[in-house]
Amino acid sequence: MILIPAIDLKEGQCVRLRQGRMDESTVFSDDPVAMAGKWVAQGCQRLHLVDLDGAFEGMPVNADVIEEICAAFPDLPIQIGGGIRTIDTVEAYLAAGVRYVIIGTQAVKNPEFVTQLCSEFPGNVIIGIDAKDGMVAVQGWAEDSDHTAMDLALRFEDQGVAAIVYTDIGRDGMMEGVNIEATCQLAEAIGVPVIASGGVTDMEDIKRLNAVKHSGIEGVIIGRALYERTISLEQAQAYIDQN
Amino acid sequence: MHTTAVVDYGMGNLRSVVNALQKVAAKRHNIILTSDPRQLKQADRVVFPGQGAAGDCMRAIDEYGLREAIIDASRNRPFLGICMGMQVLFAHSEENQGTDCLGVFNGRVRYFGDSHKDQSGVKLKVPHMGWNGVRQKQQHPLWHSIEDNSRFYFVHSYYVEVEDVSLVAGTSDYGFSFTSVIASENVFALQCHPEKSANAGLQLLRNFLNWEGQA
């Protein structure tokens with residue numbers, strides 16, 4: 001299991017939201033490239049980027065910054081989500097050096113898009129499932145859908161997606177602990193790896209996730225806990241590697 | 001009914017393996033999770049997963065009194081080893097300062113090393129974790145409908161070094177080419193996780209449930 005630091009981008013700055021609300025953002029840095037460098041220096045094995053403006057606009061807004069980060073760290077696997085709705089966007093990101101594109105809203109609204117991406121870019125597509133009380137939320141979490149997270153994940157498991165990022169949006173940015181039960185249940189049920197996200201707060205969360213990693217949890221995205229220093233990237237990864 | 005027993009020797013969560021098998025099982029297939037050697041002996045097929053360290057696995061196998069039943073199954077019935085369940089079929093593992101294993105096959109299990117590098121000298125992270133291609137090295141019923149070089153999901157720090165190269169059914173690259181799949185008569189075993197390998201993995205499990213144990 002690897003720790004995946006998150007850099008959420010809003011108007012070119014590195015921010016954290018609470019429960020996905022754009023009006024509740026905290027700016028942690030105005031230099032996302034330097035922020036990426038900080039995580040790389042601490043042994044980061046993969047980086048999670050979110051184009052928050054893009055998620056709301058439905059098209060890339062912070063692509064310039066994302067390309068800068070890719071260019072600065074060419075060996076670092078990077079996954080990017082937010083506003084990816086067309087093949088052209090995916091092509092541009094992959095050409096810029098992004099390893100994985102995360103498809104969220106479009107996976108719900110236009111599943112054929114995922115099928116097409118998986119056949120054109122096998123191994124580069126991750127599905128992002130954002131759930132609240134087990135139901136999928138879309139459009140930058142501003143809308144709910146009538147799909148359960150489990151049904152959506154099962155729908156994509158045999159399409160060739162590289163992983164599923166499962167985010168509990170009731171917990172994201174709230175520092176209230178990760179939803180271990182729901183994450184583990186999903187990992188046990190589907191035939192692709194799961195990346196846990198949302199609510200990771202302290203080493204207790206890391207330890208609890210690590211204890212169930214064999215259910216198929218390949219990584220965990222950490223945001224606010226790194227920025228507020230309740231988790232040390234190096235120490236937490238060392239713990240995982242030794243246990 | 002055809003019963004497929006998934007061996008549970010207390011080394012962690014096996015729901016993923018059971019769920020994946022149930023997903024591809026036909027009505028005539030009954031999938032059970034068991035720690036009981038008698039149930040293993042009665043099963044038509046045996047799936048032998050494993051996770052954690054070799055030393056812990058071998059200790060657990062003996063604590064559960066499963067050694068003889070596992071070896072027996074590996075000689076007589078369609079038998080699928082997964083990850084650590086492949087490694088401990090061999091005679092010896094380097095893990096935990098050296099661990100004697102089940103010895104169904106000659107060969108040993110080696111560590112990738114702390115300074116594992118690719119051919120251009122770039123350091124490779126150990127464990128080897130993620131999707132990687134598997135080159136099919138022999139024709140086998142378990143490769144049915146799975147394209148050569150299909151990608152499977154791996155998480156491991158140790159790899160198998162066989163003595164008898166005719167065992168090799170698949171290889172993968174991580175710094176060098178290593179044996180990622182073996183096959184011998186009624187045994188098929190993989191270093192990767194078919195239960196986490198999307199369509200290729202599900203197809204392999206489906207093939208296993210339809211396999212009568214002949215290469």
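## Where two helices meet

The axes of helix 8 (residues 180-189) of chain A and helix 1 of chain B approach within 7 Å and cross at roughly 45 degrees. Helices here are DSSP runs of H or I with at least four residues, strands are runs of E with at least two, and both are numbered from the N terminus. Axes are lines fitted to C-alpha atoms, for helices over the stretch in contact, with angles running from 0 to 180 degrees between N-to-C directions. Helix 8 of chain A and helix 1 of chain B are therefore oblique to each other. Under 35 degrees counts as roughly parallel, over 145 as roughly antiparallel, 65 to 115 as roughly perpendicular, and the rest as oblique.

On the chain A side, Ala187(A), Glu188(A) and Ala189(A) of helix 8 make the contact, and on the chain B side Arg15(B), Ser16(B) and Asn19(B) of helix 1. Two residues are in contact if their C-beta atoms, placed from the backbone, lie within 7 Å. The residues of this helix contact divide into two nonpolar, two polar and two charged. Ala, Val, Leu, Ile, Met, Phe, Trp, Tyr, Cys and Pro count as nonpolar, Asp, Glu, Lys and Arg as charged, and the others, Gly among them, as polar.

## Basis of the model

This is a predicted model, in which local features need pLDDT of at least 70 and side-chain atom pairs count only at pLDDT 80 or more, while totals for chains, interfaces and linings use all residues. Residues are numbered from 1 along each chain as its sequence is written, and chains are lettered from A and ligands numbered from 1 in the order in which they are written.

## The interface as seen from chain B

In total, 19 residues of chain B are in contact with 17 residues of chain A. Four elements of chain B give two or more residues to this side: helix 1 (15-24), strand 8 (128-133), strand 10 (151-156) and helix 6 (198-209). The chain B side that touches chain A has six nonpolar, eight polar and five charged residues.

## Chain A overall

Chain A has 11 helices and 12 strands. Its C-alpha trace spans about 40 × 35 × 35 Å along the principal axes.

Of the 243 residues in chain A, 51% are buried. A residue is buried if 20 or more other C-beta atoms lie within 10 Å of its own, exposed if 12 or fewer, and partly exposed in between, with C-beta atoms placed from the backbone. Of the contacts in chain A between residues at least 6 apart in sequence, 67% join residues at least 24 apart.

## Strand 7 of chain A and its partners

Strand 7 (residues 125-132) of chain A is mostly covered, with seven of its eight residues buried. Strand 7 runs parallel to strand 6 (residues 100-103) of chain A, joined by three bridges, and parallel to strand 10 (residues 163-168) of chain A, joined by six. Two strands pair if DSSP finds at least two bridges between them. Ile127(A) in strand 7 stands opposite Ile103(A), and the bridge partner of Ile127(A) in strand 10 is Ile164(A).

Strand 8 (residues 135-138) of chain A runs antiparallel to strand 7, with two bridges between them. Ala131(A) has Val136(A) as its bridge partner in strand 8. Strands 7 and 8 of chain A form a hairpin with two residues between them, and Asp133(A) in the turn has a positive phi of about 50 degrees.

## A buried residue in chain A

Leu209(A) lies in helix 9 (residues 203-211) of chain A. Leu209(A) counts as buried because it has 22 C-beta neighbours inside 10 Å. Apart from residues up to four places away in sequence, Leu209(A) touches Met1(A), Val178(A), Ile180(A), Ala196(A), Ile217(A) and Val220(A).

## Chain B overall

Chain B has six helices and 14 strands. Its radius of gyration is 16 Å, close to the 17 Å that the globule rule gives for 215 residues, so chain B is as compact as a globular protein of that length. The C-alpha trace of chain B spans about 55 × 40 × 30 Å along its principal axes. Buried residues account for 48% of the 215 residues in chain B.

Terms used. The radius of gyration is taken over C-alpha atoms; the globule rule is 2.2 Å times the number of residues to the power 0.38.
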